[in-house]
Amino acid sequence: MYDLAEFVIRAAQLIKPDQVEKMIDTLENFYKNNRNGKVLVMGAGRSGLVGRAFAMRLLHLGYNAYVLGETIVPAIGKNDLAIAISGSGRTRLILTAAEAAKEAKATLIAVTSYADSPIGKIADVVVEVPGRTKYSQFEDYFARQILGITEPLAPLGTLFEDTTQMFLDGVVAELMLRLKKTEEDLRQIHANIEL
């Protein structure tokens, strides 16, 4: 845990403030100027789980947030926002979804370790979150899962996902300040019927 925490702290120092500012500005402006717009969060595997947690907090903040793969995801278009989370920036499923979002004229935010990845190249806003030390030999997440391929230091990009979870929690905290939301405001929207 100490090693992972130290990595996250070092990674936080490497995340580019101008990229973070652009992402948060985009989310803030979207909230203030496009309240009826939809936010679609996309990620595969563990990145998808991180995305789900982020989408939930966006919902608590008052965004119309959805997660790719759920049955209740509506169509998105030019007044909407898509957020793609992919350490490699090459995960086929997420790349295909990101391309579809761009074709629908949605604004695309990419959270990835590689700004020059296919997803990074098509994004309107990119935030580089360190984590992956190299591209996996198998670029497709599902192929790596099926084959049981792991990478050194942390299996299957764990450092990216851990760092991204902390980063996105920080984004939520900053949005709370900018949107003047309190914890009680979020609690009002939090589920009151849970499994």
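In this predicted model, helix H2 meets helix H7 through Val20, Glu21, Met23, Ile24, Asp25, Leu27, Glu28 and Lys32 on the H2 side. The H7 side contributes Phe167, Leu168, Val171, Glu174, Leu175 and Arg178. By class, this contact holds eight nonpolar and six charged residues, and no polar ones.

H2 spans residues 17-33 and H7 spans residues 158-178. The two helices pack at an angle of about 50°, and their axes lie 10 Å apart. H2 is therefore oblique to H7. The crossing of the pair is right-handed.

Nonpolar side chains tend to be buried together in soluble globular proteins. Here, the largest nonpolar core comprises 32 residues. Met23, Leu27, Phe54, Leu58, Tyr63, Ile83 and Leu175 have the most contacts inside this core. At least two core residues come from each of H2, strand S1 (38-43), helix H3 (45-61), strand S2 (64-67), strand S3 (81-85), strand S4 (107-112), strand S5 (125-128) and H7. H7 gives the most, with six residues.

Phe54 touches Met23, Leu27, Ile83, Leu168, Val171 and Val172, leaving aside residues up to four places away in sequence.

Notes: Residues are numbered from 1 along each chain as its sequence is written. This is a predicted model: local features need pLDDT of at least 70, side-chain atom pairs count only at pLDDT 80 or more; totals for chains, interfaces and linings use all residues. Side-chain values use heavy atoms; hydrogens and water are left out. Axes are lines fitted to C-alpha atoms, for helices over the stretch in contact, and angles run from 0 to 180 degrees between N-to-C directions. Helices (H or I, at least four residues) and strands (E, at least two) are DSSP runs, numbered from the N terminus. Angles under 35 degrees count as roughly parallel, over 145 as roughly antiparallel, 65 to 115 as roughly perpendicular and the rest as oblique. A crossing is left-handed if the near helix is turned anticlockwise from the far one by less than a right angle, and right-handed if clockwise. Contact means heavy atoms within 4.5 Å. Ala, Val, Leu, Ile, Met, Phe, Trp, Tyr, Cys and Pro count as nonpolar, Asp, Glu, Lys and Arg as charged, and the others, Gly among them, as polar. A nonpolar core is a set of buried Ala, Val, Leu, Ile, Met, Phe, Trp, Tyr and Cys residues joined through side-chain atoms within 4.5 Å. Buried means under 20% relative accessible area, exposed over 50%, partly exposed in between (1.4 Å probe, protein chains only).
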